Amino acid sequence: MGEPTRILCVVNDATLPDTLSRLFLSRDIQVLRAESGKEALGIARGESVAVVVAGNLLPEMRGVELLSQIRDLSPNTVRVLLAGHTDLPAAIEATHRGVASRFLEEPWVEEEIFRTVEGGVRRYQVIRSLRHADEAALLWIAQEIELKDPYTRGHCDRVAAAALKIAGALRLPEGTLRAIKHGSWLHDCGKIDVPEGILNYPGKLSTADFEVIKKHPGWGAEIGRQANLPEEVINIILHHHERFDGKGYPTGAKGTEIPLEARIVAVADVFDAMSGDRPYAKGYDREEAMRVMGVLREAALDPRLVDLLLANLTP
Ligand SMILES: [Fe+2]
């Protein structure tokens with residue numbers, strides 16, 4: 001048994017820690033409470049804390065100041081700020097600066113705070129597991145992440161297989177092959193931060209929702225950095241939605257500015273996405289997928305890598 005996961009509550013509202021204890025009762029999660037920022041810091045120094053939920057108007061120090069100190073002390077701890085109406089500008093600014101991972105407006109709503117804290121616990125656990133994970137554990141984590149998006153079941157394994165076909169044909173070194181395999185498994189790990197209602201929406205997403213989806217490579221790369229993953233793996237996570245013509249996201253890098261390992265996984269990802277059924281589209285058969293790949297090779301994907309994949313597919 002590992003040590004329990006801890007949530008630390010430092011709020012003026014005495015009912016919130018009890019509510020969280022009740023909501024997380026069935027899990028191996030401890031809810032700790034502190035009366036002041038100073039006491040909260042003392043707890044965070046002594047024990048690992050997955051998620052801290054802080055109000056802003058605390059005795060001795062503001063919640064924003066507390067979260068800033070907790071970030072220095074324990075960067076992987078997910079920091080949730082509860083902000084009253086008058087604190088909103090400070091809360092938005094703290095979130096923008098990365099001091100708070102996210103903020104919720106008071107009065108808090110039980111379902112919303114549960115979802116936020118639960119998401120924070122999952123993110124913390126993923127980072128902790130990734131840190132020293134062996135290969136079997138990495139695949140297990142990737143599959144756990146996939147469960148959130150049932151339409152992608154088996155996707156990470158198939159992407160790895162296709163990406164390794166390309167990488168093998170390029171005779172890339174062993175270490176890069178390993179990074180490509182792991183990056184293929186984990187490329188969508190940032191989706192753990194995307195609300196399921198958006199991820200599984202069965203139609204065309206609104207522009208605002210698509211903007212949220214577009215954040216998953218950056219969020220995933222942040223997880224990769226916090227977990228000390230190798231740079232090539234982080235490159236894959238960050239750049240797997242870039243396009244060869246520069247019209248992709250999140251950075252808009254184009255051509256060979258996009259790291260080779262990310263271009264390889266982008267080809268494999270698109271190929272697999274076309275071969276399976278998605279919430280928004282029915283999958284193509286292999287022949288149709290190859291025809292569309294031929295079209296995409298003109299703009300979206302590195303043409304040389306598309307050709308290598310198509311040449312190395314087993315019939
Ligand atoms: Fe993705």
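Biologist: With which hand does H2 pass H3 in their crossing, left or right?
Modeller: This is a predicted model, in which local features need pLDDT of at least 70, side-chain atom pairs count only at pLDDT 80 or more, and totals for chains, interfaces and linings use all residues. Residues are numbered from 1 along each chain as its sequence is written. Helices (H or I, at least four residues) and strands (E, at least two) are DSSP runs numbered from the N terminus. A crossing is left-handed if the near helix is turned anticlockwise from the far one by less than a right angle, and right-handed if clockwise; the way H2 passes H3 is right-handed.

Biologist: How are H2 and H3 directed, roughly parallel or roughly antiparallel?
Modeller: The axes of H2 (residues 37–46) and H3 (residues 63–73), which are lines fitted to C-alpha atoms over the stretch in contact, come within 10 Å and cross at roughly 15 degrees. Angles run from 0 to 180 degrees between N-to-C directions, and those under 35 degrees count as roughly parallel, over 145 as roughly antiparallel, 65 to 115 as roughly perpendicular and the rest as oblique. Therefore H2 and H3 are roughly parallel.

Biologist: Which residues of H3 does H2 meet?
Modeller: Two residues are in contact if their C-beta atoms, placed from the backbone, lie within 7 Å. On the side of H2, the residues involved are Gly37, Ala40, Leu41, Ala44 and Arg45. Their partners in H3 are Glu65, Leu66, Gln69, Ile70 and Leu73.

Biologist: What is the order of the strands in the open sheet?
Modeller: The sheet has 5 strands with parallel pairing, where two strands pair if DSSP finds at least two bridges between them. Its edge strands, each pairing on one side only, are E2 (29–33) and E5 (102–105). Neighbouring strands are turned by 20 degrees against each other on average, direction ignored. The order is E2-E1-E3-E4-E5.

Biologist: Which strands of the sheet does H5 touch?
Modeller: H3 also packs on this sheet, touching E1, E3 and E4 (78–83), and its direction makes about 180 degrees with that of E4. For H5 (residues 110–131), the direction makes about 160 degrees with that of E4. The strands that H5 touches are E1, E2, E3, E4 and E5.

Biologist: How far apart are the centres of domain 1 and domain 2?
Modeller: The chain is divided into domain 1 (5–127) and domain 2 (134–312), with bounds from an automatic or database domain assignment. Their contact takes 7 residues from domain 1 and 7 residues from domain 2. Taken over C-alpha atoms, the separation of the two centres is 32 Å.
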